[in-house]
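Colleague: I would like to learn how to read the pairing of strands in a model, step by step. Could we look at one together?

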Amino acid sequence: MTLWLVFVSVAFATAVESGTINSTDQSTSAQVTVKQLAEDVMATGDLNPSHYPAQRAAKVVQHHLNTRFGSPYKVFGLRTVNSGYAEDVENSGRRYKLELTVQEFLSNSSVKCSAEVFFPTEKGQGAPQVDVTGEDFQKINASEEEEALYQKYKANTELLSADHLPDSHGHMEPEMKPFWHLGSVASSFVMLQESTEETLYNMAQVANVTQLETEKEQLQFDYHVLLHDMVSQEIIHWKLLVTWSPAEGVKVPQMTKLPHRHQ
């Protein structure tokens, strides 16, 4: 167990330094890898908020919030887990009860909430079920920025195309940041669907984003994203069809897992 945690920590630190993994995920991952040595990953009862079981469930809440409220100018992440409790639900799965603080990174706004996350026992039973109560996540308003971005790219005669957000040095042109954020939000749809009690996902990189021609009101984009599973250390490639408008929000009508690639 100790060697596995050291490997995760070193691999993650290397990836952050190279710019492969978004720096906003560093604090959560550091908490997960340093303090969990003595805890059973399938623990029940009161949980240490800094250890893997509580952090894993809280990460699912983050993905859930991004699918509900995220946009090119609103990206939610985990700030702190204040308390956690886990219980077995006979013959069906495990339920986590959490008190946590999430952060909207762009506005640096914090929101406190309570959440329940249910992981089904059997694989193939669908995504974890998430129920969140607390402060109003809609109070974080980015409508002016969203409308300006939408009008710019709705009227654009030259369709957007960009690679490697960020690049291997962690660099990204400022005008591309909304599309990195949109990729992060869209990736949360995949990460929520794929999350189990044995995973911990972050988005590592937008390998490519291409705007598509459309007569619909929503902007449409083809995304190729790289997801990083902190547990297995695997980099997983996904192709996403993403639609967005300020009125309709972010939707991901198509998600395709691409064949494994040797890193």
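Colleague: Which residue is the bridge partner of T243 in β10?

Modeller: In β10, T243 has K251 as its bridge partner. Strands here are DSSP runs (E, at least two residues), as helices are DSSP runs (H or I, at least four residues), each numbered from the N terminus. This is a predicted model, in which local features need pLDDT of at least 70 and side-chain atom pairs count only at pLDDT 80 or more, while totals for chains, interfaces and linings use all residues. Residues are numbered from 1 along each chain as its sequence is written, and side-chain values use heavy atoms, with hydrogens and water left out.

Colleague: How many bridges lie between β9 and β10, and is the pairing parallel or antiparallel?

Modeller: Strands of a sheet pair through backbone hydrogen bonds, in either a parallel or an antiparallel way. Two strands are said to pair if DSSP finds at least two bridges between them, and β9 and β10 have seven, in the antiparallel sense.

Colleague: In what order do the strands of this sheet lie?

Modeller: The order is β6-β7-β8-β9-β10, five strands that form an open sheet with antiparallel pairing. At its edges are β6 (161–165) and β10 (249–257), each of which pairs on one side only. The twist from one strand to the next averages 25°, where axes are lines fitted to C-alpha atoms, for helices over the stretch in contact, and angles run from 0 to 180 degrees between N-to-C directions.

Colleague: What joins β8 to β7, and what joins β8 to β9?

Modeller: Strand β7 (residues 201–212) runs antiparallel to β8 and is joined to it by 10 bridges, with N208 partnered by H224 in β8, and a hairpin of six residues connects β7 to β8. Towards strand β9 (residues 235–245), β8 again has 10 bridges in an antiparallel arrangement, and Y223 has L240 in β9 as its partner. The hairpin of β8 and β9 has five residues between the strands, and Q233 in that turn has a positive phi of about 65°.

Colleague: Why is strand β8 described as largely enclosed?

Modeller: Buried means under 20% relative accessible area, exposed over 50%, and partly exposed in between (1.4 Å probe, protein chains only). In β8 (residues 219–229), 10 of the 11 residues are buried, so the strand is largely enclosed by the rest of the structure. Helix α4 (residues 143–154) lies across β7, β8 and β9, and runs at about 90° to β9.

Conventions:
Contact = heavy atoms within 4.5 Å.
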